[in-house]
Amino acid sequence: MTSDGEAKKIGLIGCGAIGTVLAEAIERKIVECDELVIYDSDASKAEKLKGSLDFPVTMVGSVEELLESKPKVVVEAASQQAVKEYASKIVAEGIELIVMSTGALLDLDVDFSKVHVPSGAIGGLDALSSAANAGIDEVTLTSRKNPKALETADKEEKVIYEGYAQEAARLFPREMNVAATLALTVKPVKVRVRVIADPAVTRNTHEIAVKWRFGEMFLRFANEPHPENPRTSALAAWSAIKLLQSLLREACYKNQ
Ligand SMILES: NC(=O)c1ccc[n+]([C@@H]2O[C@H](COP(=O)([O-])OP(=O)(O)OC[C@H]3O[C@@H](n4cnc5c(N)ncnc54)[C@H](O)[C@@H]3O)[C@@H](O)[C@H]2O)c1
């Protein structure tokens, strides 16, 4: 409960790999929450998640129903399509929205004051946004994944995409949220992207090279893929958990 006695209610759209890690973190009290309201367009996913949890969970049949339950924060862990369909409705209700499918935000007209982008499968965005104020010359993302995570059958290392973040997020909506998150951080600077299918790697690896006005940066992340969804890195779910903790803490202070 917040100091004014209001329940800490969280809404979750998407009960797959990320949604499940998030719900389990709530169950383990890593995130303070009195009730989780869940929605998935595949009701069997929501049922399975609810059945696996031992704390108050309400399953709803639509986003409208989810909004009627008045959550403080909604986490989207579903798809770019879900963001396009629901983001405006959610923020119009004054609810904070955490977006995982960040590719959808690149060309979405929405009130961004209530939209929160977690660092996802990467990090260091604080340094990039600091540098962006001074001037960034170049950002290059090289993502290396096992062919299984890219749904290809390559037996040898192969560059399967080279281009820019906007296009990458459109062509690989489920794999290239990292590129979109970077693009949103350094906007209007364009982010160069290379995607490599590499049978030698088991971890999803993202290398970010930045040249900016007063120096250079090189960031590297080698993330274990989620066992049920090899496209998704565990770090992505944990970044949503971290952001959720901060937003709920802020909501608590505002109510004091
Ligand atoms: N920001 C990042 O760095 C990052 C990292 C990994 C994944 N992601 C993105 O996060 C999202 C969730 O990832 P995941 O691994 O949990 O996916 P997942 O496929 O394991 O689960 C997604 C769930 O959402 C449901 N869903 C899809 N569209 C929906 C809609 N329109 N309405 C309601 N439910 C819907 C599906 O039925 C599924 O159960 C994906 O879009 C993924 O690309 C972002």
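Is Lys158 buried, exposed or partly exposed? At 44% relative accessibility, Lys158 counts as partly exposed, where buried means under 20% relative accessible area, exposed over 50%, and partly exposed in between (1.4 Å probe, protein chains only). Before we go on, a word on the ground rules. This is a predicted model, so local features need pLDDT of at least 70 and side-chain atom pairs count only at pLDDT 80 or more, while totals for chains, interfaces and linings use all residues. Residues are numbered from 1 along each chain as its sequence is written, and side-chain values use heavy atoms, with hydrogens and water left out.

Back to Lys158, which has a partner. Asp154 forms a salt bridge with it, and the closest N and O atoms are 3.7 Å apart. A salt bridge here is a side-chain nitrogen of Lys or Arg within 4 Å of a carboxyl oxygen of Asp or Glu. Asp154 is buried, with a relative accessible area of 17%. Search the whole structure and you get 11 salt bridges.

Now look at Arg231. You'll find it in strand S13 (residues 229–233); helices (H or I, at least four residues) and strands (E, at least two) are DSSP runs, numbered from the N terminus. Its side chain meets that of Glu175 in a salt bridge (3.1 Å, N to O). Glu175 sits in the loop between H6 and H7 and Arg231 in strand S13, so this pair ties together parts that are 56 residues apart in sequence. Glu175 counts as buried because its relative accessibility is 12%, and Arg231 is buried too, with a relative accessible area of 12%. Leaving aside neighbours within four places in sequence, Arg231 is in contact (heavy atoms within 4.5 Å) with several residues, including Lys145, Ala149 and Asn204.

Asp198 lies in the loop between S9 and S10 and Arg144 in strand S7, so here the parts tied together are 54 residues apart in sequence. Asp198 is buried at 8% relative accessibility, whereas Arg144, at 23%, is partly exposed.

Next, follow helix H7 (residues 177–186). 10 of its 10 residues are buried, so H7 is largely enclosed by the rest of the structure. What covers those buried residues includes helix H4 (80–92), helix H5 (125–134) and strand S7 (136–145). For a contrast, visit Asp54, in the loop between helix H2 (43–52) and strand S3 (57–59). At 69% relative accessibility, Asp54 counts as exposed.

Finally, step back to the whole chain. Its domain assignment gives domain 1 (9–116 + 235–254) and domain 2 (125–223), with bounds that come from an automatic or database domain assignment. The C-alpha centres of the two domains lie 25 Å apart. Between them, domain 1 and domain 2 bury about 740 Å², 62% of it on carbon and sulfur atoms; buried area is the accessible area (1.4 Å probe) that two parts lose on being put together, summed over both. In domain 1, Gln80, Thr102 and Leu106 lose the most area to domain 2, together 64% of what that side buries. And how many salt bridges cross the interface of domain 1 and domain 2? The rule finds zero.
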